[in-house]
Amino acid sequence: MLHKSINGAKDRYNVVVIGSGLGGLTTANRLARSGHSVLLLEHHHQLGGLATWFKRRGHIFDVSLHGFPHGMVKTCRKYWNRKIMESIVQLKNIVFDNPQFSLTTTFDRKDFSSILINKFKIPPAAIDDFFTTVAAMNFYDDRSMSTRELFETFFPGRDDVHRLLMEPITYANGSTLDDPAITYGIVFSNFMNKGVFTFRGGTDRLIGMMAEELGKNGVTICKNSRVDRIVVEKGKVRGVYCGDRFIAADAVVSNSGILNTVNDLAGRDAFPQEFLDRVKTVRVNTSSCQVYIGIKKEEKIDDIGDLLFVSSAEKFSSDELLDMHTASRTFSLYYPKTRPQHNRYTVVASMNGRYDDWENLSAAVYEAEKEAMIQRTLVDLDRYLPGVREKIDWLEAATPKTIQRYTLHTRGTSFGTKFEGLDISRSIFKAVQGLFHVGSVGIIMSGWLGAINYGVIVANDVDGYIRGM
Ligand SMILES: Cc1cc2nc3c(=O)[nH]c(=O)nc-3n(C[C@H](O)[C@H](O)[C@H](O)COP(=O)(O)OP(=O)(O)OC[C@H]3O[C@@H](n4cnc5c(N)ncnc54)[C@H](O)[C@@H]3O)c2cc1C
């Protein structure tokens, strides 16, 4: 049942889920299907968290539908439903264009190997070794090797190859050359399996289908319902406060950021010192900026590819990608084939970004920086779609502050926390009985696929906990 506010909720549930990102939605769905009574509370007026969209002058803009790995097919079939799975389609033209190389690829192992052999002149044995090594990486591996060291081992001194391998993953999960190689290997291998995929019909259609499934399984959903406090007594969860309304629960699953969950929602007093000492080490990941470009209804644009990684920076560097004035961005092109029911063209440019760069600007400078970002983006887009400015009737920009405002995430993080956050998220229920966390942590549990799969893992934990009570 879907309610516009907390007024629709009962006073007690087996489980309260705070937040309707893909992780929260999945946990809520799995628990309801296992027979638990579930209340899902979302502060925003729309479900989906970062998997969101918005409408402007007849355009629908997708915020985080740029590409996910083929693993989504199996995950959606197993943990959501066949209808959702059937709308997952491949993006076949992934374009790279920078001063070091220009190429188009399907972004899978076969095509990447052939590009590395023929264009970059890398010996086949080195490529095979690299792919075999990254495919074998798993969560329990040694985390002391960085991605930089991994690349140097297999492709020493080849910063062009490093760029090809790293740039898309930095956009996909915010990781840098200095993060543990495992955070690279897992995500890169996921993509290399079969390429990059999208959801036909757009994010609005996907989240609508998920909401329908939640309804069928009996989840009570309240939007515009911000949880202010998770109530913990004697080391055990009792429920949540949403304004002055208390809802009792056997278990609470927070899909809010892990640091928000510990520091603000449960409050530090709820945790043992040993746990808080580990929380201190957690670094949040970086954020994003975007420019949304709407093409006039009567205009068309050429098919220049589905996802373009473009840069005019001479060399790749993680710092350059994060710079507020970066010369590197991705363009996601949404043709009528992406959202057949809508028949419009939109383009979304995405850049990595640091919250600190935007946080303290005066209102006037903030607006001027946003406008400058839009103009730099248009200069870049015009290289691929000459004269595109004339065809545009909507331009808008988002910054790390926008992301913070809509999701409440600490410093507007797009991809949760660095690796150390995973351990905190996975062990929070040992510090407070009945309190669980789901959502982007540790780089690998982020992205659409990571968040949904993590939702399944956490639902199993919660189910086990309640059955054992
Ligand atoms: C610009 C951008 C582009 C991206 N592109 C891609 C992509 O192409 N492919 C991909 O796979 N991934 C992409 N991602 C990442 C992906 O969208 C996220 O990793 C994933 O959607 C996060 O899901 P989550 O479960 O962690 O929750 P989130 O989406 O972070 O949602 C958390 C939810 O909790 C709610 N909440 C927080 N606090 C409270 C509270 N106190 N009370 C009630 N509700 C609360 C928030 O409002 C939000 O709805 C992108 C992210 C960004 C920012």
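Visitor: What's the handedness of the crossing of α1 and α17?
Guide: Right-handed, where the near helix is turned clockwise from the far one by less than a right angle. This is a predicted model: local features need pLDDT of at least 70, side-chain atom pairs count only at pLDDT 80 or more, and totals for chains, interfaces and linings use all residues. Residues are numbered from 1 along each chain as its sequence is written.

Visitor: At what angle do the axes of α1 and α17 cross?
Guide: Roughly 40 degrees, with the axes of α1 (residues 22-33) and α17 (residues 447-467) coming within 7 Å. Helices are DSSP runs of H or I, at least four residues, and strands are E runs of at least two. Axes are lines fitted to C-alpha atoms, for helices over the stretch in contact, with angles from 0 to 180 degrees between N-to-C directions.

Visitor: Switching to β15: buried or exposed?
Guide: Buried: 9 of the 9 residues in β15 (residues 287-295) are, so the strand is largely enclosed by the rest of the structure. Buried takes 20 or more other C-beta atoms within 10 Å of a residue's own, C-beta atoms being placed from the backbone. Both faces are covered, with Val291 among the residues on one side and Tyr292 among those on the other.

Visitor: Which strands do bridges join to β15?
Guide: β18 (residues 346-353) is joined to β15 by 8 bridges and runs antiparallel, with Gly353 as the bridge partner of Ser287. β19 (residues 392-398) is also antiparallel to β15, with 6 bridges, and there Ala397 stands opposite Val291.

Technical notes. A residue is buried if 20 or more other C-beta atoms lie within 10 Å of its own, exposed if 12 or fewer, and partly exposed in between; C-beta atoms are placed from the backbone. Two strands pair if DSSP finds at least two bridges between them.
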